[in-house]
Amino acid sequence: MATKTKVKTYRNGEPINLEYHECDGCEVLYINGHKTHEAGCPFEWKDYKVECKNCDKLFYPEFDRQELCSNHCYADYWDLPCDCEFCIELELELQNEDC
Ligand SMILES: [Zn+2]
Ligand SMILES: [Zn+2]
Ligand SMILES: [Zn+2]
């Protein structure tokens, strides 16, 4: 079979599996050019940006109810040790200042 499959993704980058649909969970409508999911759609969140509770940046969540944009923000927000590049560099700078 040589049927063309439209490759489509949600705005957060996750693939939409149903062919010829724009959502696996509902019939998407376009209202004033804006992609709008039906009320109660379980995949709606994949298309909407969320404001990070830690850095206020708008981002597309990777899972439902994600409130923090990255591992760094997660660690920062919950006061956990963070091992991202930024924090490791900051740590090294602080150590250098001490001596
Ligand atoms: Zn939907
Ligand atoms: Zn953040
Ligand atoms: Zn970090």
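**Close-up views of a predicted model**

**View 1. The loop that holds Arg-65.** Arg-65 sits in the loop between β4 (58-59) and α1 (71-77). Helices (H or I, at least four residues) and strands (E, at least two) are DSSP runs, numbered from the N terminus. This is a predicted model, in which local features need pLDDT of at least 70, side-chain atom pairs count only at pLDDT 80 or more, and totals for chains, interfaces and linings use all residues. Residues are numbered from 1 along each chain as its sequence is written, while chains are lettered from A and ligands numbered from 1 in the order in which they are written. Arg-65 is not a glycine, yet its phi is positive, near 65 degrees. Most residues other than glycine have a negative phi. Arg-65 counts as exposed because it has 7 C-beta neighbours inside 10 Å. (Exposed means 12 or fewer other C-beta atoms within 10 Å of a residue's own, buried means 20 or more, and partly exposed lies in between; C-beta atoms are placed from the backbone.)

**View 2. The loop that holds Asn-32.** Asn-32 lies between β1 (29-31) and β2 (34-36). Its phi is positive too, at about 50 degrees, although Asn-32 is not a glycine. Asn-32 has 5 C-beta neighbours inside 10 Å, so it counts as exposed.

**View 3. The protein as a whole.** The protein has two helices and four strands. From the N terminus on, they run β-β-β-β-α-α. The C-alpha trace spans about 65 × 35 × 20 Å along its principal axes. Of the 99 residues, 7% are buried.
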